[in-house]
Amino acid sequence: METTTISNSGSGEKNVGGRRMFSSTHIAFIATFATLAAVLYILDFTMPFAFPGFLEFKLSDIPILIGSFTLGPLYGAVIVVVEILLKLVIKGTSTMFVGELSDLLTSCAFAVTAGLIYKRHRTFKGALAAMGVGTLVEVTVALLVNWLVLVPFYVQFFFGGNWAPLVGMMKPLFPSCTRETFYHFYLWVSVLPFNLLRCLVANLVTLLVYKRISRLINSVNHKIYGKPDRNVAKEKRVNVALIITLAVVVALLATFALLRFFVF
């Protein structure tokens, strides 16, 4: 894992001529990472042989983690938000946004935590430590969200307070599961290993491809900002315009997502 030269601080800013400035190329890469993450988010799948059928495995953490490492933790969070909004616009929600909120919290806990640590320690060992701590935080958040939010919400709003349907979904894998033992089987035998596997896959793929993507981003930044005759004033105007455009796009996606749920 090599040190990227996108930013001295790892925050996703480009140091040009001794001046810190927001790179317009980051907008393009945010869009790329978020679109890829949204596609992977939509193309989820289940592993009923190992986990309950309602736990959907998503590979979207891969581009999110790569984006957090290459652009910075703040941009990792932006990628998560845009990814979820794109999914809501394209596919809608079947959980009254609660499932998407859970994914927002767990993905941010993973990628932002890892990005913050890697921002301070931009070495291979630092990357491993970042991924390890990010995984620990993500799994902890997933356990808490499932225990305190998701399960109570589904039981009350989808099953009218009846635990039988949810317990029934667990029985194919855990025949001895009951209302009293539900959390034992669900949290510690399902959610815990499920999220560990989810993070492990993202970590391994990131380790394999991060160097190439980092070099690509650095190369694009160098071609755009490495020119001695660049027009700094024009660059600032372009950057401001792109930031405004990104904000407008996010606002429109949020609006369309809400309209899809409440109107269409």
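Biologist: What does buried mean here, and how does Asp61 count at 1% relative accessibility?
Modeller: Buried means under 20% relative accessible area. The model is a predicted one. Asp61 has a relative accessibility of 1%, so Asp61 counts as buried.

Biologist: Which residue meets the side chain of Asp61 in a salt bridge?
Modeller: Side chains of opposite charge can pair when their charged atoms come close. For Asp61 the N to O distance in the salt bridge is 2.5 Å.

Biologist: Is Arg198 buried or exposed?
Modeller: The cut-off for buried is under 20% relative accessible area. Arg198 has a relative accessible area of 9%, so Arg198 is buried.

Biologist: Which residues are linked with Asp61 in a network of salt bridges?
Modeller: A search of the whole structure finds four salt bridges. Asp61 belongs to a network of them. The residues linked with Asp61 there are Glu138 and Arg198.

Biologist: Which helices hold Lys87 and Glu100?
Modeller: Lys87 and Glu100 form a salt bridge, with the closest N and O atoms 2.5 Å apart. The pair links distant parts of the chain, 13 residues apart. Both residues are buried. Lys87 lies in helix α3 and Glu100 in helix α4.

Biologist: Glu56 forms a salt bridge with Lys58; is Glu56 buried or partly exposed?
Modeller: In this salt bridge the closest N and O atoms are 3.8 Å apart. Lys58, at 12% relative accessibility, counts as buried. Glu56 has 38% relative accessibility, so Glu56 counts as partly exposed.

Biologist: How is helix α2 directed relative to helix α3, roughly parallel or roughly antiparallel?
Modeller: The axes of α2 (residues 61-71) and α3 (residues 73-91) come within 7 Å and cross at roughly 150°. Angles over 145 degrees count as roughly antiparallel. Therefore α2 and α3 are roughly antiparallel.

Biologist: Which residues of α2 make the contact with α3?
Modeller: The crossing of α2 and α3 is right-handed. On the α3 side the contact is made by Pro73, Tyr75, Gly76, Ile79, Val80 and Glu83. By class, the contact has six nonpolar, three polar and one charged residues. From α2 come Ile64, Gly67, Ser68 and Leu71.

Biologist: What is the handedness of the crossing where α4 passes α5?
Modeller: Helices α4 and α5 (residues 124-158) pack at an angle of about 160°, with their axes 7 Å apart. That makes α4 roughly antiparallel to α5. The crossing is right-handed.

Biologist: How many nonpolar residues does the contact of α4 with α5 have?
Modeller: The contact of α4 with α5 includes seven polar residues and one charged residue. The count of nonpolar residues is 19.

Biologist: Which residues is Ser102 in contact with, leaving aside its neighbours within four places in sequence?
Modeller: Ser102 is found in helix α4 (residues 98-120). Ser102 is buried, with a relative accessible area of 8%. With those neighbours left aside, the contacts of Ser102 are Val145 and Leu150.

Terms used. Residues are numbered from 1 along each chain as its sequence is written. This is a predicted model: local features need pLDDT of at least 70, side-chain atom pairs count only at pLDDT 80 or more; totals for chains, interfaces and linings use all residues. Side-chain values use heavy atoms; hydrogens and water are left out. Axes are lines fitted to C-alpha atoms, for helices over the stretch in contact, and angles run from 0 to 180 degrees between N-to-C directions. Helices (H or I, at least four residues) and strands (E, at least two) are DSSP runs, numbered from the N terminus. Angles under 35 degrees count as roughly parallel, over 145 as roughly antiparallel, 65 to 115 as roughly perpendicular and the rest as oblique. A crossing is left-handed if the near helix is turned anticlockwise from the far one by less than a right angle, and right-handed if clockwise. Contact means heavy atoms within 4.5 Å. Ala, Val, Leu, Ile, Met, Phe, Trp, Tyr, Cys and Pro count as nonpolar, Asp, Glu, Lys and Arg as charged, and the others, Gly among them, as polar. Buried means under 20% relative accessible area, exposed over 50%, partly exposed in between (1.4 Å probe, protein chains only).
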